[in-house]
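Here are a few friendly notes to read with the model open beside you. Tell me if any of the points need another look.

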Amino acid sequence: MLSRTIRKSILDTRISPSALPPTFLLPYRARYFNNTAQHVEPPTDGFNASQVAPTSSENAQPAESTSSATSPITAPTSASSTATLSPSVKELLPLLAAQPSHYISAHIHGRPYLVTAGDIVRLPFRMPGVVPGDVLRLNRASSLGSRDYTLKGAPYLDERIFECRARVMGTESEPMRFKEKTKRRNRKVNVVKSKHKFTILRISELKINDLESIES
Amino acid sequence: MTVQAIRKATVGQNGVGAFLLQCKRLDFHYCDWAGSSRGMNSFLRHTLAKFAAANPQVEMTVSPRPRRHPVIIGHYINGREKAICVRNLQKEQILEKAELLRDASGEKQKRVTKPVRSINESVRGVWSPYHGGGIHV
């Protein structure tokens, strides 16, 4: 396990800074100047070893960013990083991966979203600390499937099996809601107004890893 | 034989490969004389340079609009525009409004009840009673 982390960190440093575009083109720079407290962890070497997209600032899902992003060894994520796959999964996962299209039910803050690649997800909240263009890696999922096969987690899947990334598209709002509050025998009508903001994600990538990269 | 258009194999979706910010231009209008522009003038003097440097993909223009309240207008890729009046606001509040315009998609605001929107075909297809194993009674 430890050797895997070390090897990934070595692989990570091999991406030379000249391969990246100039820093002013990187989208997450917009966040730095606003001086608000950042809830999103900077990408650590244990996590973004597979990062190849040059313009992506990759962060763990905020539901578990503080715990698992900093120390993947002691992460409380269902013993997924050390356990080996069961033989039936080893047998059927290549068949699942070979089928043309896939779906995943990814969990964000405990809520499942059944998505395929290219879908738009409107989260029921405004995610703090992200700007449009950021890439989030969703590492919690309860099921992953294709037309004929479904891999179900108990309760969550091993996070080495898949790579699901979502791009932050922006923040949307809704029309103002008006709620009339009345009391009996009283002429006064109180109108409560509310207007919420929502973060929009687009599922940019859904990949199923092959068995060699999972086992190594 | 009828003429048929060439069918597209894929549909472009912003954010799947490349990502384009929907806001393409922000116009800041101010007035030198009026008191409602005080926060806007201090925003333009102190904050706008850093904000513009942090968002190189958005064009920012500043122009005077005398005897009027200060306004920020966002122009979007889909052709729509969104204007926010920032009279009597402090410069921190104006920055929040500018970030709101930057993050917006430019679409008209709609009430959405389903969280996922998709143009892909159903992965598992439509269930059929005539296929598969079936149950023998």
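1. Helices (H or I, at least four residues) and strands (E, at least two) are DSSP runs, numbered from the N terminus. This is a predicted model, where local features need pLDDT of at least 70, side-chain atom pairs count only at pLDDT 80 or more, and totals for chains, interfaces and linings use all residues. Residues are numbered from 1 along each chain as its sequence is written, chains are lettered from A in the order in which they are written, and side-chain values use heavy atoms, with hydrogens and water left out.

2. Let's start with Ser105(A), which is placed in strand E2 (residues 103-108) of chain A. Its relative accessible area is 6%, so Ser105(A) is buried (under 20%; exposed is over 50%, partly exposed in between, with a 1.4 Å probe and protein chains only). Its side chain makes a polar contact of 2.7 Å with that of Ser142(A) (N or O atoms within 3.5 Å, one able to donate a hydrogen and the other to accept it; residues adjacent in sequence count only if both atoms are side-chain atoms).

3. Arginines over rings come next. Arg122(A) lies over the face of Phe198(A), 3.7 Å from the ring centre, and the charged end of Arg140(A) sits over the ring of Tyr156(A), at 4.6 Å from its centre. The rule asks for NZ of Lys or CZ of Arg within 6 Å of the ring centre and within 35 degrees of the ring normal.

4. In chain B, Phe28(B), in strand E1 (residues 23-30), and Phe43(B), in helix H1 (residues 38-46), are 15 residues apart. Both Phe28(B) and Phe43(B) are buried.
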